[in-house]
Amino acid sequence: MTPQNLMLLPLSTPKLSIGCPILDHCLGGGIACNSITELVGESGSGKTQLCLQLTVRAQLPPSHGGLGGSSIYIFTEFSFPFRRLQQLGNLYHASYPNLIRLEPLEDIYVHGVHDAQELIHVLGDIEAFIAIDHTRLPVKLIVIDSIAALFRSQYQTTPADLKRRSEMFFNISGTLKGLANKYGLAVVVTNQVVDFIGPHHGVNGVRLGNLESLDTSGRRVSPALGLAWAHCINSRVFLARHEQSIEVDIRNAPSTSICSQTHRTFHLVFAPHLAYASAEFVIKKEGIVGVSQ
């Protein structure tokens with residue numbers, strides 16, 4: 001990179017708004033293009049909800065926080081939540097009837113994969129798909145939900161397998177970063193968590209990002225896939241959830257009732273040039289929304 005080339009770079013990276021000023025503020029404006037953003041959290045933390053929301057919002061023009069583009073959604077486990085995506089699409093079309101078409105799902109391309117090698121093959125097909133430009137809107141977002149599921153049982157803990165797994169990490173992330181930079185895409189991957197037992201500072205003695213530890217549902221956890229994968233991504237967002245018991249007065253009842261309430265928190269663990277930020281959020285019919293403190 002020469003000084004002359006640096007002068008040709010854009011002054012700011014395009015970003016995809018989550019649609020909530022509180023959460024966008026945590027990310028310095030939204031999900032950055034030309035890089036990989038990871039959403040990590042336990043099951044039910046809101047990772048898939050946020051990904052679905054982003055695929056619809058990506059269709060909005062940049063003037064409304066979108067990217068004016070279509071999305072490719074790669075899912076790796078369970079069945080794809082088409083019904084929830086249709087619900088979000090209908091809600092956004094009602095809010096932006098002149099900006100999002102009547103059938104938003106027509107600009108979201110969904111594909112299932114079952115192992116890491118298949119993902120490598122699919123990513124090659126995606127580049128050809130983008131280059132041919134068959135879509136009504138240019139592809140501007142790639143989602144992989146989730147990356148950890150592809151490595152759950154395929155590799156053992158032997159040194160040889162760990163080496164092959166790390167090589168696969170760099171192959172996948174290198175391909176994704178290449179696509180992101182070549183076509184100005186945003187790339188979002190979800191990751192799972194595993195229970196963590198060890199020192200209170202970092203993972204294996206190494207602190208990655210702004211938080212010394214990750215806690216969710218009363219457990220101390222760490223992102224799946226370890227340090228090798230952590231070095232493959234540009235930004236990491238941790239979605240935590242905690243259950244809290246509260247007393248509720250019931251009319252005409254002799255005593256109070258104990259109910260469970262879920263509190264969710266959005267943590268920016270690390271991202272280029274951004275300090276730590278966090279915000280509570282809730283999952284509503286219209287998607288994920290931050291809560292003012």
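Phe 80 is tucked away: this residue is buried, with a relative accessible area of 8% (buried means under 20% relative accessible area, exposed over 50% and partly exposed in between, using a 1.4 Å probe and protein chains only). This is a predicted model, in which local features need pLDDT of at least 70, side-chain atom pairs count only at pLDDT 80 or more, and totals for chains, interfaces and linings use all residues. Residues are numbered from 1 along each chain as its sequence is written, and side-chain values use heavy atoms, with hydrogens and water left out.

Searching the whole structure turns up seven aromatic pairs. Rings of Phe, Tyr and Trp (its six-membered ring) pair if their centres lie within 6.5 Å; planes under 30 degrees apart count as stacked, over 60 as edge-to-face and the rest as tilted. Here are two of the pairs:

| Ring pair | Centre distance | Plane angle | Type |
|---|---|---|---|
| Tyr 73 and Phe 80 | 4.9 Å | 75° | edge-to-face |
| Phe 151 and Phe 169 | 4.9 Å | 75° | edge-to-face |

Tyr 73 is buried as well, at 1%. Ring pairs also join Tyr 73 and Phe 80 with Phe 75 and Phe 82 in a cluster.

As for the other pair, Phe 151 is buried at 4% relative accessibility, and Phe 169 is buried at 0%.

Now the cysteines. There are zero disulfides in the structure (a disulfide is a pair of cysteine sulfur atoms within 2.5 Å). The closest cysteine sulfur to that of Cys 20 belongs to Cys 26, and at 8.4 Å it is too far for a bond. Cys 20 is buried, with a relative accessible area of 4%, and Cys 26 also counts as buried, at 4%.
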